[in-house]
Amino acid sequence: MTVGEIIEQVSLTVMAATAGLDKEVKQGYVSDLLSNVMAFAGADSVWVTMQGHQNIVAVASLAGLSAVIIAGGAKPEDETIAKAKQEGVVLLATPLPSFEVAGQLYRLGIRGA
Amino acid sequence: MTMEYGGVWNGCLEMNSRQVIQLEFFLEAGDFSTAGEASSQIKRILQQIGVKAETARRIAIGAYEAEMNVIIHSLGGKMRVAILPDRTDISVEDNGPGIADVKLAMQEGYSTAPDHIRDMGFGAGMGLPNMARCSDEFSITSEVGVGTKIRMVIHHP
Ligand SMILES: Nc1ncnc2c1ncn2[C@@H]1O[C@H](COP(=O)(O)OP(=O)(O)OP(=O)(O)O)[C@@H](O)[C@H]1O
Ligand SMILES: [Mg+2]
């Protein structure tokens, strides 16, 4: 399943997507701890988090993640959105809580990393 | 963060077996706005010279954890990187305060990060273990009042 297909199926607001909508999502991971994501998310994961700080963009880009979903109505900072656009990181947002997002992704066939 | 290129890199990013790309990054304490840029630069070069995605990812993760520790926990420092055809060699050195108990610091889950740092998602106490896991060779030495030195070597298969 691609990032673009996930956006069609789950109600998500696209905050940044200058590239990567055709990227394959191989698995999913939920965490608000950056080093934990670095250790366990695996390449090509969709990452669900409540962090909106700009450091999430570096994490997503360096760890080769396919997309970041900021859940629970958390607001990404302006710098986060600008950086995501610049780095070609797909940044999505939703008022749905992390648990709900993970459930919907699971129903689409995405499994844990 | 500022960066300097040196060595014999000719800028065309095609390496022959004798070439080395040397990079130096100055890391400023508390500078979260450019945090991660050194590691991003390293990853970009590795991708350009054709290092395997999985290897470039490991190097990028190790570099990021080291970079962030200097920015978060130290008074500032620098990262030197040598990218060779068969390996990447990263040395990170900071200007203190040093780590009193390195063995404890290496334990997964140990962190002295204050609340405002934890609010940004740091402080899992997994940065040093991640560096060790991502490296083929890893060493850390630290002296209180002087600083911390980390070396990571990752082979390119
Ligand atoms: N360069 C450094 N200078 C001083 N202390 C350090 C340095 N690097 C690490 N430490 C100490 O070692 C602890 C563990 O570091 P580690 O990177 O494993 O976790 P963390 O930075 O606290 O959290 P995380 O990396 O998971 O966000 C830190 O909390 C800090 O006390
Ligand atoms: Mg750390």
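Between chain B and chain A, eight residue pairs, both members at pLDDT 80 or more, are in polar contact, that is, a pair of N or O atoms within 3.5 Å, where within protein one must be able to donate a hydrogen and the other to accept it, and residues adjacent in sequence count only if both atoms are side-chain atoms. The model is predicted, so local features need pLDDT of at least 70 and side-chain atom pairs pLDDT 80 or more, whereas totals for chains, interfaces and linings use all residues. Residues are numbered from 1 along each chain as its sequence is written, chains are lettered from A and ligands numbered from 1 in the order in which they are written, and side-chain values use heavy atoms, without hydrogens and water.

No salt bridge is found across this interface (a side-chain nitrogen of Lys or Arg within 4 Å of a carboxyl oxygen of Asp or Glu). The contact, defined by heavy atoms within 4.5 Å, takes 25 residues from chain B and 23 residues from chain A. The buried area is about 1800 Å², with 53% from carbon and sulfur atoms; the term denotes the accessible area (1.4 Å probe) that two parts lose on being put together, summed over both. B:R57, B:Y64 and B:M120 supply 29% of the area that chain B buries against chain A.

Chain A contains an open sheet of five strands in the order 1-5-4-3-2, with mixed pairing. Strands (E, at least two residues) are DSSP runs numbered from the N terminus, and two of them pair if DSSP finds at least two bridges between them. Strand 1 (13-16) and strand 2 (27-30) of chain A stand at the edges, each with a single partner strand, so one side of each is left without a neighbour in the sheet.

Technical notes
Helix = DSSP H or I, 4+ residues; strand = E, 2+ residues; numbered from the N terminus.
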